[in-house]
Amino acid sequence: MMKCNKFLKGISLSVVWITLSICSVSANENAAEVWRFGLEEIEGSVQDIYAQAFKRKIEDKSQGEIVVEIYSYGMLGESEDLTNLTANGTLQLTHASVGILGAQIPEAQVFTIPYLFSNNDDHNQAVLANNPAIYEILGNALIDQDLRLMTLYLEGDMVWSTNKLIRKPSDFAQFKMRVMNSSLVIKTFELLGATAIPMPYSQVYGSLQAHIVNGQTNPIFSIEEMKFYEVTEYLIWAGQQKFTTSVLANQAWYLALPAPHKLILNETIEELTPYIFEQQIALNNTQLAAIKKSKPSMALIRLTKKEQALFKTISTPIRQQFIQNSGQPGQRLLEALDKALATEK
């Protein structure tokens, strides 16, 4: 990570562009092209693992013509800020989780629909990486926002970490669940009986500790790295959702890339798909073991298929809400994903 990291933390977004320019001076002096890559997660996370591998490959393939600078969570604001900075060209690349992205692009919220994915993550990842409907429908919607969809990948099951055992919808009575700021995610937990409270990632630990919220949902690696397990008592695998993230580029920047650099970028994105799939599995397993070791009293609960079916039935109206929000393009996308994923359910 570059030397400017500490300086960037806490900086006003109004001077981000100037600061990034200062931090890139050394690279520019050496005539290298700088690609700035923003992350929604901290160092050591799945997104950081992806970005570090991306950096190694791009810099090696370009033989020093390109330098990749990585900005981890909090350095340039929240997730929404990273998307905006990429759309305006301050960043060239960023990660954007589909729930957050859905605030601007309703079609992106398709991946937050409860129980959309199959039980086969190899198949799920293949669909995310290759399904033409995704890159046509969602890709076109992003182009209208000056963004280009480079790829999508899974970061693991969304696990509920709570201070109360939840095995059926009625257990959510008087329960406050922190959620990302996604209208469909909020509506989902309201249907399930909880009070959904959107708040920034950085505020979750303190809110759990102060009992402002009673639980939150994230992949295991995130629960461990942000220490959410310290202030909750249960980890619950409900099968409701898988954390899906995208890699976005600034559209104008991508189109203007010299052909050799565009080739390097596209090849690297393709090569990282199987790599990050294996890495996220390994990281989630490692971090679950770390949680067990650090807090042996943590209860690990996996809902049965019968228990999951009840949550799935109650959350069914979310599908129609998604179509209402996203219109005919969203309906086409949902139908394409249902067809692509159905063979493995």
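**View 1. Helices α4 and α13 pack at an angle of about 145 degrees, their axes 9 Å apart.** Helices here are DSSP runs of H or I with at least four residues, strands are E runs of at least two, and both are numbered from the N terminus. Axes are lines fitted to C-alpha atoms, for helices over the stretch in contact, with angles running from 0 to 180 degrees between N-to-C directions. The α4/α13 crossing is right-handed, that is, the near helix is turned clockwise from the far one by less than a right angle. Contact (heavy atoms within 4.5 Å) involves residues of α4 including Ile 49, Phe 54 and Lys 57, and residues of α13 including Leu 265, Glu 271 and Tyr 275. Sorted by class, that contact of α4 with α13 has 13 nonpolar, three polar and five charged residues; Ala, Val, Leu, Ile, Met, Phe, Trp, Tyr, Cys and Pro count as nonpolar, Asp, Glu, Lys and Arg as charged, and the others, Gly among them, as polar.

This is a predicted model, where local features need pLDDT of at least 70 and side-chain atom pairs count only at pLDDT 80 or more, while totals for chains, interfaces and linings use all residues. Residues are numbered from 1 along each chain as its sequence is written, and side-chain values use heavy atoms, with hydrogens and water left out.

**View 2. Glu 271 and Lys 57 meet in a salt bridge, 3.2 Å from N to O.** Glu 271 sits in α13 (residues 259–294) and Lys 57 in α4 (residues 46–61), so the pair ties together parts 214 residues apart in sequence. A salt bridge means a side-chain nitrogen of Lys or Arg within 4 Å of a carboxyl oxygen of Asp or Glu. Glu 271 is partly exposed at 34% relative accessible area, and Lys 57 is partly exposed at 29%. For reference, buried is under 20%, exposed over 50% and partly exposed in between (1.4 Å probe, protein chains only).

**View 3. Lys 242 and Asp 121 pair up at 3.1 Å, N to O, in another salt bridge.** Lys 242 belongs to strand β10 (residues 242–250) and Asp 121 to helix α7 (residues 121–130), so this pair links parts 121 residues apart in sequence. Lys 242 is buried, with a relative accessible area of 12%, whereas Asp 121 is partly exposed at 22%.

**View 4. Arg 36 forms a salt bridge with Glu 69, with the closest N and O atoms 4.0 Å apart.** Arg 36 is in strand β1 (residues 33–38) and Glu 69 in strand β2 (residues 66–71), so parts 33 residues apart in sequence are tied together. Both Arg 36 and Glu 69 are buried.
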